[in-house]
Amino acid sequence: MISAASIFSVIIFLCLLLPIIALVMLSILKLLEKEFDYLQMENKQIQLETQLHQMEYLQLSQQIRPHFLFNSLNAMMSLARLNRNEDLIHSMEKFSLFLRYQNKDKTSLVLFESELEHTKNYLAIQQLRFGQKLEIAFSIDENALHALLPPYTLQTFVENAFKHGLENKRGEKRLIIDLRRDGNWVILKVTDNGENDLERISTHGDGTGMENIRKRMELLFDLYTEVSMKRKQDWTEVKAVWPYTPGE
């Protein structure tokens, strides 16, 4: 038989143990509450960072559009001054397609194929302007044609080629657009034979478009990206490297 003393001892032990258990439970609950608050704060911070990135991205996207509009209008004004009316009408048709793409709602990433078609409208205007003096070549890897990239990337590279090199070059003007896929990466190169002064471009802040694309790629891709410009003998090469992400 269990004696009364034993029962009393058990009761005393339980009385001492219960407050300790309660204290441990309260400590655990407080830790869980702090962890929950921390997770909430972390989630809010991630949301704020995402919103800031989206705002910054939209701001960067808006920065480059006026440059393209100005250059296209400038090209058509040159045709008008030369009384090349048929060429002017054709360039206006291309310009309308250009504007349609500019004002179309876009996601943060678009198909390279769409970018290429858009850029060809711009190039058509420049081709009419310079005629046989301008030679344009394409080298497009079909495996990279459906890669996704930030809007206006190709257009910016091509626009810079004219603005900083081909516009004032005498004689033959050559532009090469090269796209290829290298494993999990996409490499885009735009090369021109203009007399680009890279130091002047950097010193006077004329490389805004390049820096714009560099920042947008950093915001959109977690993996390695590259946007660079270098001089190779009589050629200027602008290059972008980013992770291959296929689109529909």
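Two residues are in contact when heavy atoms of theirs lie within 4.5 Å. The model shown is predicted: local features need pLDDT of at least 70, side-chain atom pairs count only at pLDDT 80 or more, and totals for chains, interfaces and linings use all residues. Residues are numbered from 1 along each chain as its sequence is written, and side-chain values use heavy atoms, with hydrogens and water left out.

**View A. Five strands form an open sheet.**
The strand order is β2-β4-β5-β7-β6, with mixed pairing. Strands (E, at least two residues) and helices (H or I, at least four residues) are DSSP runs, numbered from the N terminus. Two strands pair if DSSP finds at least two bridges between them. Strands of a sheet pair through backbone hydrogen bonds, either parallel or antiparallel. β2 (134-140) and β6 stand at the edges, each with a single partner strand, so one side of each has no neighbour in the sheet. From one strand to the next, the twist averages 10 degrees. Helix α3 packs on the sheet and touches β2, β4 (173-182) and β5. The direction of α3 makes about 165 degrees with that of β2. Helix α4 also packs on the sheet, touching β2, β4, β5, β6 and β7. The direction of α4 makes about 20 degrees with that of β5. For such angles, axes are lines fitted to C-alpha atoms, for helices over the stretch in contact, and values run from 0 to 180 degrees between N-to-C directions.

**View B. Strand β7 pairs with β5 and with β6.**
Eight bridges join β5 (residues 185-192) to β7, and the two run antiparallel. Here Leu 188 stands opposite Ala 240 of β7. Seven bridges join β6 (residues 226-232) to β7, again antiparallel. Lys 230 has Glu 237 as its bridge partner in β7. The hairpin of β6 and β7 has two residues between the strands, and Gln 233 takes a positive phi near 55 degrees in this hairpin. Eight of the nine residues of β7 are buried, so the strand is largely enclosed by the rest of the structure. Buried means under 20% relative accessible area, exposed means over 50%, and partly exposed is in between (1.4 Å probe, protein chains only).

**View C. Glu 237 sits in strand β7 (residues 235-243).**
Is Glu 237 buried or exposed? Glu 237 is buried, because its relative accessible area is 8%. The side chain of Glu 237 makes a polar contact with that of Lys 232 (3.4 Å). A polar contact is a pair of N or O atoms within 3.5 Å; within protein, one must be able to donate a hydrogen and the other to accept it, and residues adjacent in sequence count only if both atoms are side-chain atoms. Leaving aside neighbours within four places in sequence, Glu 237 is in contact with several residues, including Lys 189, Val 190, Thr 191 and Ser 228.

**View D. Ser 228 lies in strand β6.**
Ser 228 is partly exposed, with a relative accessible area of 22%. Its side chain makes a polar contact with the side chain of Glu 226 (3.1 Å). Apart from neighbours within four places in sequence, Ser 228 is in contact with Met 210, Glu 237, Val 238 and Lys 239. Ser 228 and Ala 240 are 12 residues apart in sequence; C-alpha to C-alpha, they are 6.6 Å apart in space.

**View E. Glu 115 belongs to helix α3 (residues 112-130).**
Glu 115 is buried, with a relative accessible area of 0%. A polar atom of the Glu 115 side chain lies 2.7 Å from the backbone nitrogen of Tyr 152. Tyr 152 is found in the loop between β3 (148-149) and α4. Tyr 152 is buried too, at 1% relative accessibility. Most residues other than glycine have a negative phi. Tyr 152 is not a glycine, yet it has a positive phi of about 75 degrees.

**View F. The largest nonpolar core has 44 residues.**
Such a core is a set of buried Ala, Val, Leu, Ile, Met, Phe, Trp, Tyr and Cys residues joined through side-chain atoms within 4.5 Å. Which residues have the most contacts inside it? They are Phe 157, Val 158, Phe 162 and Trp 242. Helix α3 gives the largest share of this core, seven residues. Not counting residues up to four places away in sequence, Val 158 touches Thr 119, Tyr 122, Leu 123, Leu 175, Ile 177 and Val 190.
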